[in-house]
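I hope they are handy while you look through it.

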Amino acid sequence: MANQVEVSSQSTVVVLGNPNAGKSTLFNGLTGVKQHVGNYPGVTVEKRNGLISINDEQYELVDLPGTYSLAPNSPEEMLAVKILLGKPPAEKKPDVILCVIDASNIQRNLFLVSQVLELHQPTVVAVNMIDVAKRDGIEIDCGKLQQLLGVPVVPVQAKRREGFEELKQAIAKSRNRSPEFVHDPFEASMKDRIEHLEATCPNDCELKRFAVTRMLFDTDGFMSDQLKAEVGPDTLKRVATEKLEMENSEGAVFESESNARYAWITRHRDDFVKQTGPVRSSSITSRLDGWLTHPIWGLCVALVVVVLLFQLVFWIADPASTMIDWFNGTLAAVVNSVVPAGTLNSLLVDGLINGVGSVLIFLPQILLLFFILALLEDTGYLARAAFLMDRFLSKIGLSGVTLFPLLSSFACAIPGIMATRVIKNDRERLVTILIAPLMSCSARLPVYVLLIATFVPEKSYLGGLLGLRGLTMLAMYSIGIVVAIVVAWVLRRTFIKSPPTSFVLELPSYKVPSLRNIWQRMFDGGWSFIRDAGTIIVAVTILVWAAAYFPRINADNPPAELANDFATVARLEADGESSDELELAKNNIAAFHLRQSYLGRSGKLIEPVVKPLGWDWRIGSAAIASFPAREVVVSTMGVIFGLGSEVDEESDTLRGQLSSATWEGTDRPLFTLPVALSLMVFFALCAQCVSTLAVIKRETNSWFWPIFSFVYMTVFAYIGSLVTYQVLSRFFT
Amino acid sequence: MNVAQKHIHLRDLQSGQIAKVISISGDPREIARIASLGLRTGEVISITRGGITCIIQFCNGTRFCLRMSSSLEILVEVL
């Protein structure tokens, strides 16, 4: 479990760097287990902070989202800039900025450092992946780089935890020390322009140089918005005038910043970079990419990876269920031996233990999925798979990175939704979250198996190659995919539209993954699920338990139709006998309880609404009971049809009972092929999983989106079910 | 050959072609974004995979996958 970090008035060090520069490896290496993962208040961006001890003093280390530039493009990058500036949600300016740069790609990484230095705040630069650079024939002279930048530069190998002590000492020494000189990468005319604007800033403005530079190259008003309070209206107006002048005279203003900074880097490159051997740049990467990004072979490999991922998550569901059953059974036995039968016993066993089990049952899948995704990302493969799938997914307004979350959702929507964290575009991520529950997860399988085996005839075609039952199953999986494509297409063109933006993704060099990073990612994913979604799941499970439990029948004065059953139970239990007769009597009582419970009454209340779907109140009650978790529908049907809750989808008794069930008061069969298909379509499209809704709430940090998902999926499910029943009942009875 | 013929859109480059970026125009945010990644006027690039979503490689070996929106136009000169 992540250690809760006590954040007090100690110095704060923010860790900043390009994606793939090894920032998280360095953060994990420095903090070890003394780290905590949470959310910044009011935003969905994850906050990772930890403690390090330097010379017996505690420092809080904050891992900022990876960014290529301080001209932010995504909410994550905007947050990184706000924290650098000490704006909310940060409580104060950081005491030290730790810039992590990749030695093997030093020019691009220095672009960000060049922007950070304009803050003129205490800064330390950690040059990571020195070994990779050396392998590529590049040697970095950190002393010369330090002279150029005016701040401490420390070589490190984060993966091997080398150079950490020197880095810590550099952080401690820099705490109250600003850079040695004002950073100035611009040529004369731009420099004049910036200095002229600087002079217009109020005297108490601490970030004059940084503020005017960032505002001058601001492309969307974000930086002006953040810094207007510091610079005042006069400077703001002058910056706008200067920008207009630059646009008229110099053309591509927004390229001029990068041109100036890259020119500065190129001018000084030879001072601190030495080419020590032949350039072997990315020879392994080139060779692997030849296969892994190939339009045919690449797709084959991606398919194998995807099938393996899906199978692993799918396979683990079974042993996990067995494990949780054992856990529930053991706990229930303990409770039964201590707490006598009654309301408290039922609350603990059927409500609380069942609720906790509902949380834990997803945990092994979530841990495994995060393990695989972290492994794929750390090796560099995930970016290649995203490239391959982009051409297909871009047609519905998504990008290649949405592939893995969507596929994971076939096993379980919860890890699938949590895996959307790999998607950088906020709106694209939201659409993926909203369509992920439409993928048929493993919990829908028991419903399909039960109803297909009971009502779909065993016919085969093409010499036994295709079977009607198999095709029905395929149709149920396909219906979710088709609806997901339509929903994504519509949402990306209407409510969750975003201006056309280019899809840019760095393809990092392939590397051996860091087990520490993978372990940390897996652990963070599991912990955030238990902490944020778990509480909601347990609460809702208890609510549904109460709806199915109350009101209770008075056992001393049972209704006339149950008098015999109560008498049988009392007689046989007193004799200590366990027989079919006792089970039958108990099941009859349980079925009666459920019928007259609030849940059963709700089923009767909604009967007029579900009748057009071909359902009676019993199927309606089972559907309502399965809203918290669709997998309970089979056991609920077992209770409703008087077989107890221990039945499963393979139960011949339940299948027989469903086949022979009739509409109450008539001999008209209740379950027909159209009814079974209508029920399956409802289950394929409906959002019957409180855990999924809880995770949507957690990932979007809003109640609106889980409600939206619930409403749109329920409406689709109802319409789909209605159309299925009304059309098929014309042809089948 | 005149200039118009010599300069083509980046999206028209085929796998294996090497080109120099001649101009980048369109949405300022997009220009600033790709420029911070190193894709700037004057940069020499090679295409390791062509297509709507392509893979671009810089001289230092860094690779990006890029699908350009309609709000971005990059003209290149094939070398």
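Over how many bridges do strand 3 (residues 44-49) of chain B and strand 4 (residues 53-58) of chain B pair, and in which sense? They pair over 4 bridges, in the antiparallel sense.

1. A word on the ground rules. This is a predicted model, in which local features need pLDDT of at least 70 and side-chain atom pairs count only at pLDDT 80 or more, while totals for chains, interfaces and linings use all residues. Residues are numbered from 1 along each chain as its sequence is written, chains are lettered from A and ligands numbered from 1 in the order in which they are written, and side-chain values use heavy atoms, with hydrogens and water left out.

2. Helices (H or I, at least four residues) and strands (E, at least two) are DSSP runs, numbered from the N terminus, and two strands pair if DSSP finds at least two bridges between them. The hairpin has 3 residues between its strands, and B:Gly51 takes a positive phi near 125° there.

3. Other pairings in chain B. Strand 2 of chain B runs antiparallel to strand 3 of chain B, joined by 3 bridges, and B:Ile18 stands opposite B:Ser46. Strand 2 of chain B is also joined to strand 6 of chain B, antiparallel again, by 7 bridges; here B:Val21 has B:Val76 as its bridge partner. Strand 1 of chain B pairs with strand 6 of chain B over 3 bridges in the antiparallel sense, with B:His7 opposite B:Glu77.

4. Angles run from 0 to 180 degrees between N-to-C directions, and axes are lines fitted to C-alpha atoms, for helices over the stretch in contact.

5. The interface. In all, 31 residues of chain B are in contact (heavy atoms within 4.5 Å) with 37 residues of chain A. The two chains bury about 3200 Å² between them, 54% of it on carbon and sulfur atoms; buried area is the accessible area (1.4 Å probe) that two parts lose on being put together, summed over both. On the chain B side, B:Arg49, B:Arg63 and B:Arg67 lose the most area to chain A, together 22% of what that side buries.

6. Helices 29 and 31 of chain A. Helix 29 (residues 673-685) of chain A and helix 31 (residues 704-728) of chain A pack at about 160°, with axes 8 Å apart. They are therefore roughly antiparallel to each other (angles under 35 degrees count as roughly parallel, over 145 as roughly antiparallel, 65 to 115 as roughly perpendicular and the rest as oblique). The contact has 13 nonpolar, 4 polar and no charged residues; Ala, Val, Leu, Ile, Met, Phe, Trp, Tyr, Cys and Pro count as nonpolar, Asp, Glu, Lys and Arg as charged, and the others, Gly among them, as polar.

7. Helices 22 and 23 of chain A. Helix 22 (residues 563-574) of chain A and helix 23 (residues 580-596) of chain A pack at about 140°, with axes 9 Å apart, and are therefore oblique to each other. Their contact residues divide into 6 nonpolar, 2 polar and 5 charged.

8. Two backbone spots to check. A cis peptide bond, with omega about -10°, joins A:Phe550 and A:Pro551; A:Pro551 sits in the loop between helix 21 (515-549) and helix 22 of chain A. A:Asp56 is not a glycine, yet has a positive phi of about 65°, and is placed in the loop between strand 3 (46-54) and strand 4 (57-63) of chain A.
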